[in-house]
Amino acid sequence: MMSWLIFLVLTLSVSTHGANAAACDPTTGFVTVPLNDTQLPVQSPYDLPLNERYEFVNSMRRLWVYCSDKPHSTTSHTKPRTEIRMQTYNSGMWQFEGYAYVPGGTSGVSIMQVVEGGIYDRWFRLNVIHDVGGNGTLAVFIDGEERLRVAGRGGHEHYFKFGVYAQSNPSHYMESRWRDVRLFTKPAY
């Protein structure tokens, strides 16, 4: 069975002023799914101890990678990454929420399989909603404002990932920080 990752490639210009739409709370109507660290496994360069690319201190997760790092497994042909892969789902409506921070100087990197622009050196709230059971759409919200709505890619298994994953023309050092990461589902009525 082929595993499908929620994969969005987009460029967003994110600013703290001049919003086109009013901010909202995308979690309204959703129910929190309890998470613990065993449900948040980290993928990092296979030849290094985890603590050399990941730390969880004072409720903040810091993930980093260098462009010269190895992939996450000996059989992978992907670029370097340090990411957290959340639980798999295959039906219903699911939502990821987390507050992210990307230090200036990080570039050419995906922080949640969403390639971002204009987000450096500030905390921002990222929500991604995947309606698997309905029309298959994905909606991306930044600081409560919907920035993108696209059709999903199909498949039978889905999951959210967040962290750093090198893309085209990456900086030498890439980092993202995360706090208050939550997973939600929407009950069927």
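These legends accompany close-up views of a predicted model of one protein chain.

**Figure 1. Overall make-up of the protein chain.** The chain has 12 strands and zero helices. From the N terminus on, the elements run β-β-β-β-β-β-β-β-β-β-β-β. Of the 189 residues, 46% are buried. Among contacts with a separation of 6 or more, 74% join residues 24 or more positions apart. The chain exposes about 9300 Å², and carbon and sulfur atoms supply 51% of that area. The structure holds 14 salt bridges; the views below show some of them.

**Figure 2. The surroundings of Glu175.** Glu175 lies in strand E12, residues 173-185. Its relative accessible area is 4%, so Glu175 counts as buried, the cut-off being under 20%. Leaving out residues up to four places away in sequence, Glu175 touches Arg62, Leu63, Trp64, Val102, Pro103, Thr106 and Val164. Two polar contacts involve the Glu175 side chain: one of 2.5 Å to the side chain of Arg177, and one of 3.4 Å to the side chain of Arg62.

**Figure 3. The salt bridge between Arg62 and Glu175.** The side chains of Arg62 and Glu175 meet at 3.4 Å, N to O. This pair links distant parts of the chain, with Arg62 in strand E4 (residues 60-66) and Glu175 in strand E12, 113 residues apart. Side chains of opposite charge can pair when their charged atoms come close.

**Figure 4. The salt bridge between Glu97 and Arg182.** The side chains of Glu97 and Arg182 meet at 2.7 Å, N to O. Here too the pair links distant parts of the chain: Glu97 is in strand E6 (residues 93-101), Arg182 is in strand E12, and 85 residues separate them. Glu97 has a relative accessible area of 2% and is therefore buried. Arg182 is partly exposed, with a relative accessible area of 33%.

**Figure 5. A network of salt bridges.** Salt bridges link Asp25, Glu97, Arg125 and Arg182 in a network. The pair of Glu97 and Arg182, at 2.7 Å from N to O, is shown in the previous view.

**Figure 6. The salt bridge between Glu146 and Arg149.** The closest N and O atoms of Arg149 and Glu146 are 2.9 Å apart, and the two residues form a salt bridge. Glu146 has 34% relative accessibility, so Glu146 counts as partly exposed.

Technical notes
Residues numbered from 1 in each chain as written. Predicted model: local features only at pLDDT ≥ 70, side-chain atom pairs only at ≥ 80, totals over all residues. Heavy atoms only, no water. Helix = DSSP H or I, 4+ residues; strand = E, 2+ residues; numbered from the N terminus. Buried < 20%, exposed > 50% of the residue type's maximum accessible area, 1.4 Å probe, protein only. Contact = heavy atoms within 4.5 Å. Areas by Shrake-Rupley, 256 points an atom, 1.4 Å probe, with all protein chains shown as cover. Polar contact = N/O pair within 3.5 Å; in protein donor to acceptor, adjacent residues only side chain to side chain. Salt bridge = Lys/Arg side-chain N within 4 Å of Asp/Glu carboxyl O.
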